[in-house]
Amino acid sequence: MTHTLDDLRALVRGRVLLPGDAGFDPARRPWNLAVEQHAAAVVEAADAADAAALVKYAGARGLSVFPQPSGHGATGDLAGAILLRTGQLGEVRVDPAARTARVGAGAPWGRVQEAAAEHGLTGLAGSSPAVTVTGYTLGGGLSWFGRAHGWAADSVVAFDVVDAEGGPARVTADSDPDLFWALRGGGGDFALVTAVEFRLYPAAALFGGRMLWPADRAPAVLAAFRSITAHAPGELTLWLDLLRFPGSAPLVAVDATYLGDEAGGRALGAPLDGIGGLISDSRGVMPPSALGSITAEPTDPGPGLSRGELLTGLDDTAAGILLSRPIDPLLSVQVRHLGGALARPSSGPHGALAEPYSLYLFGVPSTPPVAAAIRDRQRDLAGALAPYVSGRKPYTYLAPGESASSAFAPEVLDRLRALKRERDPRAVFRSNFPVLA
Ligand SMILES: Cc1cc2nc3c(=O)[nH]c(=O)nc-3n(C[C@H](O)[C@H](O)[C@H](O)COP(=O)(O)OP(=O)(O)OC[C@H]3O[C@@H](n4cnc5c(N)ncnc54)[C@H](O)[C@@H]3O)c2cc1C
């Protein structure tokens, strides 16, 4: 294999690393270090022409290309594919008058938010500035501002792609409605995206931050969280976190953003104010570029084991279950409030998100026994909450071992599969959660 793929070096301008090359091992590793992945080669595309040349090369030899800008969503299932790094496709261009951004396939949200914030605008970013816009958006993208503006993918106006024949195309709702539909949440199975253009939203006034208490305040915090989220306007988003950091006593947090002024944000959060024992409160007026500081998730690579679910409700019984079960050895149990614009009709593969809350169970698998214990706790918590677990999962919440079939209704999956067979019959593109698996 090494010998065969050697001719890739003459084909692309970017770096090509083959097994046995110095630097191959670090280059093939994903951001999530809990995932082991074995690539036939790693290609760091210098530009979109490199990416197109690679696709043609792979197609002619019956090989697959696995685009992976960062590896936040790594699953390890490369199946002998060529790993494509898109980091050098880093263009970030904001058009303040049109309120749109055009970003290269390797651009992380942090850079985009910095450029947008200069104009009082925001994209529909999630919790981490290190996740790429492209990978996140191809999976739908659940944003801090999804309650106000819907799925991130629904704000896309165009994709620049390389198709399975290696040809460039600009995909819009008019130019190619089927592919445009699939790319807005159906994952990375259908084309190689080289750039994305999407709408930005006004965020000149943005209030947000984290309130933190000792875990013994969790009953009061959860009660306030439920009461606020029962009537919250779309501009307000609250997430509740049960946290257990190594070496520290367990904690409970509420993370908030409000697309509005400070007085409005504080008034809506009033039920949280009377809860005693507050350890810290980072809430304040912030630029959209500071969103990542709210949850302060690690931006450097590290190991993680997650399980995501959608919840049909959070009544007294569900709240009691959340409060009564230990979260150890998990690091965090996060409940995000959804609803608002996310619950309205969407023309992407995921459709409307009827479930009002999501659940995200996260642990750091420092050793194999800890990994097993994390999985047990995830199973235990999701099992106890089974009457509230809808069974469907957002694509970007899927974890290794899960399948695209958990993200889509059966008729949607059928349509995605038909499109995959039509547009990529030789299976040149391989995504982290293939629709045909
Ligand atoms: C710390 C953290 C926080 C997160 N927060 C959120 C959140 O708030 N909301 C949310 O919805 N999700 C969130 N996620 C999930 C995240 O959106 C997904 O894991 C997403 O797939 C990451 O995209 P990436 O490009 O960074 O990762 P990668 O693993 O590099 O890419 C994921 C997949 O996207 C596809 N892909 C990427 N680029 C291309 C391309 N150019 N062409 C074709 N296919 C491509 C490929 O199939 C690839 O396997 C979070 C994940 C982490 C680890």
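The model is predicted: local features require pLDDT of at least 70 and side-chain atom pairs pLDDT 80 or more, while totals for chains, interfaces and linings use all residues. Residues are numbered from 1 along each chain as its sequence is written, and side-chain values use heavy atoms, without hydrogens or water.

**Exercise 1.** Describe helix α4 and its two ends.

*Step 1.* Helices are DSSP runs of H or I with at least four residues, numbered from the N terminus, and strands are runs of E with at least two. Helix α4 covers residues 48-61, which is 14 residues.

*Step 2.* The expected span is 1.5 Å times one less than the number of residues. From first to last C-alpha, α4 reaches 20 Å, close to the 20 Å expected.

*Step 3.* At the start of α4, a side-chain oxygen of Asp47 comes to within 3.2 Å of the backbone nitrogen of Ala49. Just after the helix, Gly62 adopts a positive phi of about 70°.

**Exercise 2.** Characterise the lining of the largest cavity.

*Step 1.* A cavity is a set of points on a 1 Å grid over the protein atoms alone where a 1.4 Å probe fits but cannot get out; lining residues have an atom within 4 Å of a point. The largest cavity holds about 80 Å³ of space, and among its 14 lining residues, Leu236, Leu238, Ala256, Gly265 and Arg283 are the closest to its centre.

*Step 2.* β12, β13, β14 and α10 each supply at least two lining residues, and β14 gives the most, with four.

*Step 3.* The lining comprises ten nonpolar, three polar and one charged residues. Here Ala, Val, Leu, Ile, Met, Phe, Trp, Tyr, Cys and Pro count as nonpolar, Asp, Glu, Lys and Arg as charged, and the others, Gly among them, as polar.

Methods:
Polar contact = N/O pair within 3.5 Å; in protein donor to acceptor, adjacent residues only side chain to side chain. 1 Å grid on protein atoms, 1.4 Å probe; cavity = no way out; pocket = protein on both sides within 12 Å on 5 of 7 lines; lining within 4 Å. Points joined across faces, edges and corners; volume = space filled by probe spheres on them.
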